[in-house]
Amino acid sequence: MSARFPDFRLGKVLATSFTGTLSERHGDPVERIPTPHRLVDWLAVSGLAVESCTTTQLERAWELRESIHAAATAAARRDPLPVSAVQIINDCSTQGRAAAVLTPESNRQWRLGSTSSVEDALSVVAADAISIIAGERDGKLALCASPTCRAAFFDTSQSRTRKWCDMNTCGNRQKKARFNAGSAKSVRSAK
């Protein structure tokens with residue numbers, strides 16, 4: 001990854017990994033796909049390689065990302081889904097020509113249309129969002145406990161009690177903050 005851009009935060013769930021391309025939504029937001037080329041990079045590492053991306057396609061990707069985030073957040077809170085978000089997710093889902101294919105290793109891969117368009121890739125992301133928001137997969141939508149993050153994530157832990165979207169970022173930050181607060185308290189007590 002280029003030093004100019006922050007690394008991608010890749011998870012095991014495509015749709016929530018996609019929403020993670022904008023992190024720290026309630027702090028200092030970090031945009032991880034600020035350019036069309038960067039969206040091409042994210043799609044490639046997510047198994048949805050496309051040849052190119054236009055600014056209009058990037059804007060559509062941002063629109064889908066924010067719609068998935070809004071719908072997933074509502075679902076995690078058990079609130080009604082935003083109608084406009086549902087419409088965008090559905091539109092993106094139906095606009096692509098991607099197909100699931102089985103590999104000889106028993107894995108599912110996505111084959112995009114002959115032009116390998118961004119729309120095909122976004123349809124896969126939208127379909128993944130539909131499957132988790134509709135409750136079709138084993139797991140639970142949750143919101144990151146970090147007050148600056150609040151990312152929607154799909155908890156597949158056995159107990160379904162995960163607190164952080166990513167233990168290596170948000171979880172570690174919170175653990176460090178608790179440790180530092182405890183250390184400062186110990187220093188004050190020793191004086």
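Predicted model: local features only at pLDDT ≥ 70, side-chain atom pairs only at ≥ 80, totals over all residues.

Reader: What span does α3 reach from its first C-alpha to its last?

Author: Helices (H or I, at least four residues) and strands (E, at least two) are DSSP runs, numbered from the N terminus. The expected span of a helix is 1.5 Å times one less than its number of residues. With 23 residues, α3 reaches 33 Å between those C-alpha atoms, close to the 33 Å expected at 1.5 Å a residue. Just after α3, Arg78 takes a positive phi of about 65°.

Reader: Is Ser67 buried or exposed?

Author: Buried means under 20% relative accessible area, exposed over 50%, and partly exposed in between (1.4 Å probe, protein chains only). Ser67 lies in helix α3, residues 55-77, and is buried because its relative accessibility is 6%. Contact means heavy atoms within 4.5 Å. Neighbours within four places in sequence aside, Ser67 is in contact with Ala85, Ile88 and Ile89.

Reader: How many residues does the largest nonpolar core have?

Author: A nonpolar core is a set of buried Ala, Val, Leu, Ile, Met, Phe, Trp, Tyr and Cys residues joined through side-chain atoms within 4.5 Å. The largest here has 38 residues, and Phe18, Leu39 and Leu64 have the most contacts inside it. At least two residues of this core come from each of α1 (14-19), α2 (36-45), α3, α4 (83-95), α5 (118-133), β5 (140-143) and β6 (152-155). The largest share, 9 residues, is supplied by α5.

Reader: Which residues are in contact with Leu39, leaving aside its neighbours within four places in sequence?

Author: They are Phe18, Ile33, Cys53, Gln57, Leu58, Ala61 and Val118. A second, separate core of 8 residues includes Ala142, Ala151, Trp164 and Cys170.

Reader: How many disulfides does the structure hold?

Author: A disulfide is a covalent bond between the sulfur atoms of two cysteines. The criterion is a pair of cysteine sulfur atoms within 2.5 Å, and the structure holds 0 disulfides. Cys53 is buried, with a relative accessible area of 14%, and Cys92 is buried at 2%.

Reader: How many salt bridges does the structure hold?

Author: Side chains of opposite charge can pair when their charged atoms come close. A salt bridge is a side-chain nitrogen of Lys or Arg within 4 Å of a carboxyl oxygen of Asp or Glu. The structure holds 8 salt bridges.

Reader: Which parts does the pair of Asp120 and Arg97 tie together?

Author: The salt bridge between Asp120 and Arg97 has its closest N and O atoms 3.9 Å apart. Asp120 lies in helix α5 and Arg97 in the loop between α4 and β3 (99-102), so the pair ties together parts that are 23 residues apart in sequence. Asp120 is buried, with a relative accessible area of 0%.

Reader: Is Asp138 buried or exposed?

Author: Asp138 is exposed, with a relative accessible area of 63%. Asp138 forms a salt bridge with Arg160, the closest N and O atoms being 2.5 Å apart.

Reader: Which residues do salt bridges that share partners join into one network?

Author: The network consists of Arg25, Glu31, Arg65 and Glu66.

Notes. Residues numbered from 1 in each chain as written. Heavy atoms only, no water.
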